[in-house]
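Please keep the sequence and the structure in view while reading.

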Amino acid sequence: MRKISIVCFLLFSLSVYGCSSQENLSYEQHFAKGTEYFGAKKLDKAINEYKKALKLNPSAADAHYYLGLAYDQKWRESFNAAAQKYTEDMLKNPKLVPKAAIEGNYEYYGEKREFKNLAIEEFKEAAKYDPNNWMARYLIATDYLNNGVYDEAIKEYKQVIKTNPNYSNAYGGMASAYSKKGLYDLAIEKHKQAIAVDPNSTHDYYELGLIYLKRNEKKKALEMLEKLKSLNSTFHESLKSEIYKYE
């Protein structure tokens, strides 16, 4: 009887104090648990832990950043699943596919854009508390670019480059923003800077080729085509078909 009583007491103690210890975890402990869950792709649990960490330290840039990454991953998962459904419907009967989906909005197929919005909010918080978090700024800039807010995108890309001048994607992103604004000289300059950082950046060669075609500089476009061929890039055929359109 005494042994049974001791076992019962121990079980009771574990249940009570175990729960209590979970509620009294430090910021660092919640952040570590969140990171562990994130690495295991248990995104909902990761989000929950990062939120608990932020309740204890609202200005923690790292927690905001990784919470943003978790939200971003949830959005990407929903986007990929929705894109698959869209592709299947297009193969079955394109006439039944909503116009919005054809234009890239997959919410009809289950895309959860609210997670993308939450991610960007967290990246902005991360950049506010840690202005040197260049990846957070890069993700913010790219979101601006994708939504047609080109001036804000350029400002953010400049900050990325200021902090990390060796990140070629930032130059390429800024070049795309300039190109969308019709500022082709600046776009060419930034694409060339991207290539200077990463000579194998096939996307920048491709974009340069397209800009040269718009400026009726076919010879330079052909030079980009040859470069893509030498790099065995999938962009080679895409640029080749664009060049043929101008013949």
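This is a predicted model: local features need pLDDT of at least 70, side-chain atom pairs count only at pLDDT 80 or more; totals for chains, interfaces and linings use all residues.

An α-helix has 3.6 residues a turn, so residues three or four places apart point the same way.

- Helix H6 comprises 17 residues, 113-129, and should span 24 Å at 1.5 Å a residue; its end C-alpha atoms are 25 Å apart, which agrees.

- Side chains of opposite charge can pair when their charged atoms come close.
- The structure contains 14 salt bridges.
- One of them joins the side chains of Arg137 and Glu156, with an N to O distance of 2.9 Å.
- This pair links distant parts of the chain, since Arg137 belongs to helix H7 and Glu156 to helix H8 (residues 150-163), 19 residues apart.
- Arg137 counts as buried because its relative accessibility is 14%, under the 20% limit.
- Glu156 is also buried, with a relative accessible area of 14%.

**A network of salt bridges**

- Glu217 forms a salt bridge with Arg215, whose closest N and O atoms are 2.7 Å apart.
- Glu217 also meets Lys220 in a salt bridge, at 3.2 Å from N to O.
- Salt bridges with shared partners connect Asp185, Arg215, Glu217 and Lys220 in one network.
- Arg215 is partly exposed at 32% relative accessibility, and Lys220 is partly exposed at 37%.

Note on methods. Residues are numbered from 1 along each chain as its sequence is written. Side-chain values use heavy atoms; hydrogens and water are left out. Helices (H or I, at least four residues) and strands (E, at least two) are DSSP runs, numbered from the N terminus. The expected span of a helix is 1.5 Å times one less than its number of residues. A salt bridge is a side-chain nitrogen of Lys or Arg within 4 Å of a carboxyl oxygen of Asp or Glu. Buried means under 20% relative accessible area, exposed over 50%, partly exposed in between (1.4 Å probe, protein chains only).
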